Amino acid sequence: MKKIYVYGFLIILIGWMACMSKQKETTPQQVRAYYLDQIDATDTLIKQLDTKIQNNGTSNELQVLFKSARIAYKKVEFLAEYYNPLTAKAINGAPIPSMDDNDQHKIDQPEGFQMIEPYLFPEYNHSQKQELIEQVGILKANLVRLKSMATHQELANEQIFDALRLEVFRIITLGISGFDAPIAQNSMAEGASALNSIEKVLKLYEPEFIGDKRAILVQAQSSLKKAITYLTASKDFNSFDRMHFITTYGNPISSSILDASMALGNEKFKDLRALRANAKTLFDKDAFDANYYTASYDAHSSKEKSELGKELFYDAILSGAGNRSCGSCHRPEMAFTDGKMKSDALDGSQVRRNAPTLLNAGFQPALFYDNRVSYLEDQATEVINNKDEMHGSLPIAGQKLKKNKDYVLLFKKAFPNDADPINDYHIRNALGSYIRTLSSLNSPFDKYVRGDKSQLNPEEVKGFNLYMGKGKCGTCHFTPLFNGTVPPDFKTIETEIIGVPSTPDSKKIDPDLGKYDLRKLDLYKNAFKTPTVRNIAMTAPYMHNGVFKTLEEVIDFYNEGGGVGLGMDIPNQTLPFDKLNLTQKEKKEIIAFLKKLTDNTSF
C-alpha cells in the first residue's frame, strides 16, 4: 500500500514539474503576445491621429490623440528599448540630430513622438500641416518595423524581468523629469501607463509564484498599484513630488522586481554593466561599476593598481620639468578641481579650459569637455603630453621610475604577470585605476534616498523636485550620477550647446568651439559635455571657461534660457531657450538641494 502512495506521489510530482516547465516556456510567449497587442494599439492611435490631421481636426482633438498614442507606446517601451534600442530611438528619441555611428560624415535626423510634439503643443499651427503629416508617416513606418521585429523576437524570462527593472529606472530618471515630453508635460500619465504594463506582465507570471514566493509577487503588485494610483492622481507637472515617488514607490518596485526574478530562479546576468545587473535601486552604494568604462579586462582596476596610481597622481616625476603633478590642478579639498577659471599653464598663461572634477570621472564613457577620448588611460596620456599642462613624456618617466626601488616594487605588485611591469601603458592604467576609485556617491542626497530622512530638510527636498521638474535640470544632468551619462544603461554621454558667454555680462558666446574642433559638423559647434553637478558647491567657478563664479549666476543663466534667451544668435542651441520663470525662492531651493550633493568622504 505504501508503494502505491509513493508511486502516486511521484506521478503527481512529475506532473506538477512538467506543468511548471511548460508554464515557464509559455509565459514568454504570452508576454510577446501582449507586446504585439500594445504595438497594434499604438499603431491604431497613430493612424487615427494621421486621419484627424488630414481632415483638419482641432488642436484639442490632435493633442488628445497624440497623448493617447504616447501613453499606449509606454506599454511597449520596456521591451522595445531592451531588444530594439535603435528602433525605439526612432520612435521616441530626443529631437536633436546626431552623427551616424557608421558614417561620421552622415547626420541622422531625429524622428518620432518627440519631433511631432512641438507641432501640436502648446497649440497646433495648421500652416505646418504637411510637415506634421510627414513626421507622422515616418512614425507609422517605424511602428511597422518594430512590429516586424517583435513578431520574430525570442523572449527569455530573465531578460523580461531585466527589462521591467530597467523600465522602472527609466521612469525615475527620464520619465518624471519630462525628458521625452517637455512640452506636453504628460509625464505622470505616461509613467502610470508604463507601470501598468509592468503590472500586466507580472500578472502573467502569477502561476509560477507558489508557496513562499507568493509574498514576493504580492509585494511587487501592491507597490505597483499604489504607484499607479499616485501618478494618476498627480495632474500638475510642476507640483509633482518626485522625491516621494522615488523613495516611496520607485525604489521598492525596482527592488521587488529583482527579488521576483531571483525567486523564479532566473539566471543571474554575468555581463559587465555600468549599472550592475544586481542593483536593486539606482541609489545602492555599489550600483555602478567603473570597470565597465575600461578598454578591456586587463585594464580593470585592482587595489594594487589603484595604490600605485595614487602615488603617481601626486608625483611630479611624470611632468617634463618635474615641477607639476596631476594633483596640482586636481586637489582633493576642492573635489579634485583647483578653484581657478582656467588652470595655470606652464608658461605662466592659462590652459584652454576649466579643470573639471575627477570625482565620478570613472563613470563616463567619454572624457574631456569635448568627449575626445573614451578611456581614462587616454586622458592621462593627453594631459601628460600637453605642453601647457605637464609637458611630459611617458617613456622618459618610465626610465625614471625604473630607477626608484619603491616604484619598482609597486609596479611588480600591480602587474605581477608582466616581466617588464614599468611601461607606458601600465603608468596610464595605474592612473586610470586610481581615478576610478574616486567614487562619490555618498552625499546627504544619497543617504536620504536610501532611507535616512534626516539628511534633507523640506527646502532641500523641494529643491530636488524643482531640479527634476520645473527647473528642467534633470533632463540633461541625469539622476543619479547627475551628469550627461544617459540612463538607464549609462552607455553614452551627451554634449549640449547652451550658449555659455565669454564673460558674465557678455551677449557674445564664448569663442571656444568645443566638439566642433574635432569634427567640423554644425551640430557640434560650441558643444560641450554635460558635466556632473555632484559636489558642485566645491567646484566653482563654473562652465568650461569658468565664466560664472557662483551657483546663483549659473541658475540665472539657465532661468533666462541660456545664450539664446540672453539674446545671442545660436541656431543650433540644444538647451530650450524659453524662460523657466523660477522665483527667487525656487532658485534658492534648487541651490540648497545642489549643496546636498556634496560628498564629504575622504579621498
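## Helix 15

In this predicted model, the buried residues of helix 15 are His426, Ile427, Arg428, Asn429, Ala430, Leu431, Gly432, Ser433, Tyr434, Ile435 and Arg436. The helix is mostly covered, with 11 of its 13 residues buried. Those buried residues pack against helix 11 (303-313), helix 12 (376-385), helix 13 and helix 14.

From its first C-alpha to its last, helix 15 reaches 19 Å, close to the 18 Å expected at 1.5 Å a residue. At the start of helix 15, the backbone nitrogen of Tyr425 has a side-chain oxygen of Asn423 within 3.2 Å.

## Salt bridges

There are 37 salt bridges in the structure. One of them joins the side chains of Lys402 and Asp420, at 3.6 Å from N to O. Lys402 sits in the loop between helix 13 (394-401) and helix 14 (405-414), and Asp420 in the loop between helix 14 and helix 15 (424-436), so this pair ties together parts that are 18 residues apart in sequence. Lys402 is partly exposed at 36% relative accessibility, and Asp420 is partly exposed at 40%.

Lys472 and Asp578 also meet through their side chains in a salt bridge, at 3.6 Å from N to O. Because Lys472 lies in the loop between helix 17 (458-468) and strand 3 (495-496) and Asp578 in the loop between helix 19 (562-565) and helix 20 (584-595), the pair ties together parts that are 106 residues apart in sequence. The relative accessible area is 24% for Lys472, which is partly exposed. Asp578 is partly exposed as well, with a relative accessible area of 40%.

A further salt bridge is formed by the side chains of Lys525 and Asp522, at 3.9 Å from N to O. Lys525 counts as partly exposed at 29% relative accessibility, whereas Asp522 is exposed, with a relative accessible area of 57%. Salt bridges also link Arg352, Arg353, Asp370, Arg372, Glu382, Asp512 and Asp517 in a network.

## Helix 10 against helix 17

Two packed helices are described by the angle between their axes and the distance between the axes. For helix 10 (residues 242-263) and helix 17, the angle is about 100 degrees and the axes are 8 Å apart. Helix 10 is therefore roughly perpendicular to helix 17. On the helix 10 side, the contact is made by Arg242, Met243 and Ile246. Val461, Phe464, Asn465 and Met468 make the contact on the helix 17 side.

## Backbone features in loops

The loop between helix 17 and strand 3 contains Pro488 and Phe490. The peptide bond from Pro487 to Pro488 is cis, with omega near 0 degrees. Phe490 is not a glycine, yet it has a positive phi of about 55 degrees. Its relative accessibility is 0%, so Phe490 counts as buried.

Another cis peptide bond joins Phe121 and Pro122, with omega about 0 degrees. Pro122 belongs to the loop between helix 5 (113-120) and helix 6 (129-151). Asn56, in the loop between helix 1 (2-54) and helix 2 (59-73), has a positive phi of about 60 degrees although it is not a glycine. At 48% relative accessibility, Asn56 is partly exposed.

Notes. Residues numbered from 1 in each chain as written. Predicted model: local features only at pLDDT ≥ 70, side-chain atom pairs only at ≥ 80, totals over all residues. Heavy atoms only, no water. Salt bridge = Lys/Arg side-chain N within 4 Å of Asp/Glu carboxyl O. Helix = DSSP H or I, 4+ residues; strand = E, 2+ residues; numbered from the N terminus. Buried < 20%, exposed > 50% of the residue type's maximum accessible area, 1.4 Å probe, protein only. Expected span 1.5 Å × (residues − 1). Contact = heavy atoms within 4.5 Å. Polar contact = N/O pair within 3.5 Å; in protein donor to acceptor, adjacent residues only side chain to side chain. Axes fitted to C-alpha atoms, helices over the stretch in contact; angles between N-to-C directions. Parallel < 35°, antiparallel > 145°, perpendicular 65-115°, else oblique.
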